[in-house]
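Here are a few notes from a look through this one. Have the structure open while you read.

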Amino acid sequence: GIVKAVDATVRAEFASTDADVRISLESKPGAKKAKVLKKALQKKISYTISSLPHGVLKMSPDINGLVETSTNVAVIRTDKKEIEMETSQRSSVASEITESAQMVSSIFTMGHADVSHEHAYPGWKPDMNSKILKVAQSTYKKLYGKEVEVKAIHAGLECGIIGEKYPGIDMVSFGPTLEGVHSPDEKIYIDTVEKFWKFLLEILKSV
């Protein structure tokens, strides 16, 4: 009854963004009798999870419609000795990654959890006045006769790591068309590979 009610609620909430989402519960044939957590620990865990922010924290003030900072509850693992929860914080502004990570850390600490931080992709703030971006734009138009579509995305990129090592470096990121990145459905449009290879060579001739 409870599971069916939650399933119906979740399916209604995500109907337009994840139509295939399902919540179900089933028993395993032949499974040994399971042990459950003590109620006090159950409360600490459930309170902590429900307190954790999940989603957009701040939109970009510079680029309309771009998420600047977000956090998400990523993975929860349970074994015989411990329960481990992982969260991810992303931002194009490095200081905001630190701030959001500290906020999440405070919630875990209040839930009596041990907290550790792992370094991920640093922020890479979009620069619409970038010199190399302007070169890329003019090069694309010269090659293909139309304006290139410039976008900023809310994701971790290698440019963030490079920018952390070489502060102030002027960078642009581009590549062939990909879909479903980092999922079992990931694919690349092969006919765009040669197009962007030519684009790269032509940019190199102009710098």
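1. A cut-off before anything else: a residue is called buried at under 20% relative accessible area, exposed at over 50%, and partly exposed in between. Ile188 comes out at 41% relative accessibility, so it goes down as partly exposed. Bear in mind throughout that this is a predicted model.

2. Where does Ile188 lie? Look in strand β5, which covers residues 187-188. Ile188 also belongs to a nonpolar patch on the surface, together with Leu178, Val181, Ile190 and Val193. The accessible area of these five residues together is about 440 Å².

3. Staying in this part of the chain, have a look at His182, which sits in the loop between β4 (178-179) and β5. Its phi is positive, about 65°, although His182 is not a glycine. His182 counts as exposed because its relative accessibility is 77%.

4. There is another histidine to check. His112 has a positive phi of about 65° and, again, is not a glycine. You'll find His112 in the loop between α3 (94-110) and α4. With 63% relative accessibility, His112 is classed as exposed.

5. Now for helix α4 itself, residues 131-144. Its 14 residues reach 20 Å from the first C-alpha to the last, close to the 20 Å expected at 1.5 Å a residue. Which residues of α4 are buried? They are Ile132, Leu133, Ala136, Thr139 and Tyr140. Looking down the axis of α4, the buried residues fall within an arc of 125°, so they line one face of the helix. The general rule behind such a pattern is that an α-helix has 3.6 residues a turn, so residues three or four places apart point the same way.

6. What do the buried residues of α4 pack against? Their partner is α6 (191-205). On the other side of α4, the exposed residues are Lys131 and Lys142.

7. Last stop, Ala152, in the loop between α4 and α5 (158-165). Its relative accessible area is 26%, which means Ala152 is partly exposed. Leaving out residues up to four places away in sequence, Ala152 touches Ile63, Leu66 and Pro126. Take Pro126 from that list: Ala152 and Pro126 are 26 residues apart in sequence, while their C-alpha atoms are 6.6 Å apart in space.

Note on methods. Residues numbered from 1 in each chain as written. Predicted model: local features only at pLDDT ≥ 70, side-chain atom pairs only at ≥ 80, totals over all residues. Heavy atoms only, no water. Patch = residues over 30% accessible without salt bridge, like charges linked within 9 Å, V, L, I, M, F, W, Y side chains within 5 Å. Areas by Shrake-Rupley, 256 points an atom, 1.4 Å probe, with all protein chains shown as cover. Salt bridge = Lys/Arg side-chain N within 4 Å of Asp/Glu carboxyl O. Helix = DSSP H or I, 4+ residues; strand = E, 2+ residues; numbered from the N terminus. Buried < 20%, exposed > 50% of the residue type's maximum accessible area, 1.4 Å probe, protein only. Expected span 1.5 Å × (residues − 1). Arc of directions from axis to C-beta. Contact = heavy atoms within 4.5 Å.
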